[in-house]
Amino acid sequence: MKLLVLEQNELVSKIYKKIFEEKKYDADYARNDLECLERFDKNYDYVVLENSNSGTLEQKIRKIKPDQKILSLSQYINSEGPSELKETRELIEKPFAVLTMISSLELEFTNLHN
């Protein structure tokens, strides 16, 4: 599975790297929206956005690839939150269990390739 992960916190990014390496995922990382867009290409299975303002970035990614699978990690699920997030296909509330994220990625990936 090929991922592009947006994570601003360096410590959390290191945790993701360790977990994704163990799972044998091919993951690229970005620290901000601009870096994420610069690294984005049409060959990612998932883009993982860890950002409360991910709605605008998600819209830009969808202009490049409308059917891109995006997993947004957000603290806004149980509140009104930004209206842009309502269009996101998959949301996982923060804080979250890493296993929840991995399970969500693997289930969707398996369904797409079967």
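Strand 1 (residues 2–7) and strand 3 run parallel and are joined by five bridges, in what is a predicted model. Within this pairing, Leu-3 stands opposite Tyr-46 of strand 3.

Strand 3, which spans residues 46–50, is mostly covered, with five of its five residues buried. In a regular strand the side chains alternate between the two faces of the sheet. Here Tyr-46, Val-48 and Glu-50 point one way, while Val-47 and Leu-49 point the other way, and all are buried.

Helix 1 comprises 13 residues, 10–22, and its first and last C-alpha atoms lie 19 Å apart, which is close to the 18 Å expected at 1.5 Å a residue. Its buried residues are Ser-13, Tyr-16, Ile-19 and Phe-20. Because these residues cover an arc of only 125° around the axis, they fall on the same side of helix 1. The other side of the helix carries the exposed residues Glu-10, Leu-11, Lys-18, Glu-21 and Glu-22.

| Location | Residues | Feature and value |
|---|---|---|
| Start of helix 1 | Asn-9 and Leu-11 | side-chain oxygen of Asn-9 to within 2.9 Å of the backbone nitrogen of Leu-11 |
| Just after helix 1 | Lys-24 | positive phi of about 65° |

Definitions and conventions:
Residues numbered from 1 in each chain as written. Predicted model: local features only at pLDDT ≥ 70, side-chain atom pairs only at ≥ 80, totals over all residues. Heavy atoms only, no water. Helix = DSSP H or I, 4+ residues; strand = E, 2+ residues; numbered from the N terminus. Expected span 1.5 Å × (residues − 1). Buried < 20%, exposed > 50% of the residue type's maximum accessible area, 1.4 Å probe, protein only. Arc of directions from axis to C-beta. Polar contact = N/O pair within 3.5 Å; in protein donor to acceptor, adjacent residues only side chain to side chain. Pairing = 2+ DSSP bridges.
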